[in-house]
Amino acid sequence: MSAPSPVTLRLAQPDDREILEALLSRVDNFDEEEQRVALELIDIFLGDGPTAGPEGDYPTLVAELDGTICGYATIGRTPFTESTWHLYFIAADPQRRRAGIGRALCQACAEFVGTRGGQRIVLETAGREDYGGTRGFYLATGFREEGRIADYYRPGDDVVYYVWRW
Ligand SMILES: CC(C)(COP(=O)(O)OP(=O)(O)OC[C@H]1O[C@@H](n2cnc3c(N)ncnc32)[C@H](O)[C@@H]1OP(=O)(O)O)[C@@H](O)C(=O)NCCC(=O)NCCS
């Protein structure tokens, strides 16, 4: 029996767009609006506008297993802050969950941010039941819950803020 392949990380490239779009369409808890916005950020990163690329607004990393894209994350320096970054989106292929892809993406994002002087990564996610696994993932990968606004998304659906600090 061979050992499981390690997850490898790199910046997204224009050729990855179609695969990322297909991956987003398969993420069970992303609705159409979330998929659209996630793709918009990827397009800004991959484009040739003034905020494109790794030093632009939405650096996007992809994770590969056996040479196949199995997850991705989009981060960005938070406007108007000195050293705060945001994790905007992270997703692992639904067929390859619990294989360490999300953890590897978080580590890669932290390295990327750390080498650019970032001191914290903030993210917001939903408080509703179907995001329970996602919240468990953030707690398991080093984020701490640091805030919550009740009924933010809709009645009964809070926003929960998580922070990763150096
Ligand atoms: C959240 C997500 C990225 C996690 O990716 P993943 O590759 O499955 O996570 P990992 O395998 O790296 O998990 C690392 C640890 O997090 C925890 N974890 C992961 N998924 C979990 C779940 N559903 N419930 C509870 N804990 C979980 C576990 O402790 C896990 O370690 P273990 O498997 O050794 O027990 C993935 O579930 C996903 O794409 N979800 C849908 C999209 C989403 O909600 N994104 C976040 C909002 S932008």
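Predicted model: local features only at pLDDT ≥ 70, side-chain atom pairs only at ≥ 80, totals over all residues.

Reader: Which residues does T51 touch, apart from its neighbours within four places in sequence?

Author: Leaving those neighbours aside, T51 is in contact with I44, G56 and D57. For distance across the model, take T51 and G132: they are 81 residues apart in sequence, and their C-alpha atoms are 33 Å apart in space.

Reader: Is P79 buried or exposed?

Author: P79 has 8 other C-beta atoms within 10 Å, and is therefore exposed. The loop between β3 and β4 holds P79. From P79 to D57 there are 22 residues along the chain, while their C-alpha atoms are separated by 9.0 Å.

Reader: How should I read a helix, and why do residues three or four places apart point the same way?

Author: An α-helix has 3.6 residues a turn, so residues at that spacing point the same way. Consider α2, which runs over residues 32–46 and has 15 residues. From its first C-alpha to its last, α2 reaches 21 Å, close to the 21 Å expected at 1.5 Å a residue.

Reader: Which residues of α2 are buried?

Author: They are A38, I42, F45 and L46. Seen down the axis of α2, these buried residues fall within an arc of 90°, so they line one face of the helix. The face turned away from that buried side carries the exposed residues E32, E33, R36 and E40.

Reader: Against which elements do the buried residues of α2 pack?

Author: They pack against α1 (17–26), β2 (60–65), β3 (68–77) and β4.

Reader: How many residues does α3 have, and which of them are buried?

Author: Helix α3 has 14 residues and reaches 20 Å from its first C-alpha to its last, close to the 20 Å expected at 1.5 Å a residue. Its buried residues are I101, G102, A104, L105, C106, A108, C109 and V113. These pack against β1 (8–11), β2, β3, β4, β5 (120–126) and α4.

Reader: Why does V113 count as buried?

Author: V113 counts as buried because it has 24 C-beta neighbours inside 10 Å. Not counting residues up to four places away in sequence, V113 touches I75, W85, G118 and I121.

Reader: How many residues are in the largest nonpolar core?

Author: That core has 39 residues, and those with the most contacts inside it are A12, L61, A63, Y72, A73, L105 and C109. Helix α3 gives the most to this core, with 7 residues. A63 shows what such contacts look like: leaving aside its neighbours within four places in sequence, A63 is in contact with V7, L9, C70, G71, Y72, I101, A104 and L105.

Reader: What should I look for in the backbone angle phi?

Author: Most residues other than glycine have a negative phi. D66 is not a glycine, yet has a positive phi of about 55°. D66 sits in the loop between β2 and β3, and is exposed, with 10 other C-beta atoms within 10 Å. D151, also a residue other than glycine, has a positive phi near 60°. D151 is found in strand β6, residues 144–154, and counts as exposed, with 11 C-beta neighbours inside 10 Å.

Reader: Finally, which residues come nearest to the ligand?

Author: Of the 20 residues around the ligand, G102, R103, G133, G136 and A140 come nearest. The elements β4 (84–92), α3 (101–114) and α4 (132–140) each supply at least two residues of the shell. The largest share, 5 residues, comes from α4.

Technical notes: Residues numbered from 1 in each chain as written. Near = placed C-beta within 6 Å. Helix = DSSP H or I, 4+ residues; strand = E, 2+ residues; numbered from the N terminus. Core = buried A, V, L, I, M, F, W, Y, C linked by C-beta atoms within 7 Å. Buried ≥ 20, exposed ≤ 12 C-beta atoms within 10 Å, placed from the backbone. Contact = placed C-beta atoms within 7 Å. Expected span 1.5 Å × (residues − 1). Arc of directions from axis to C-beta.
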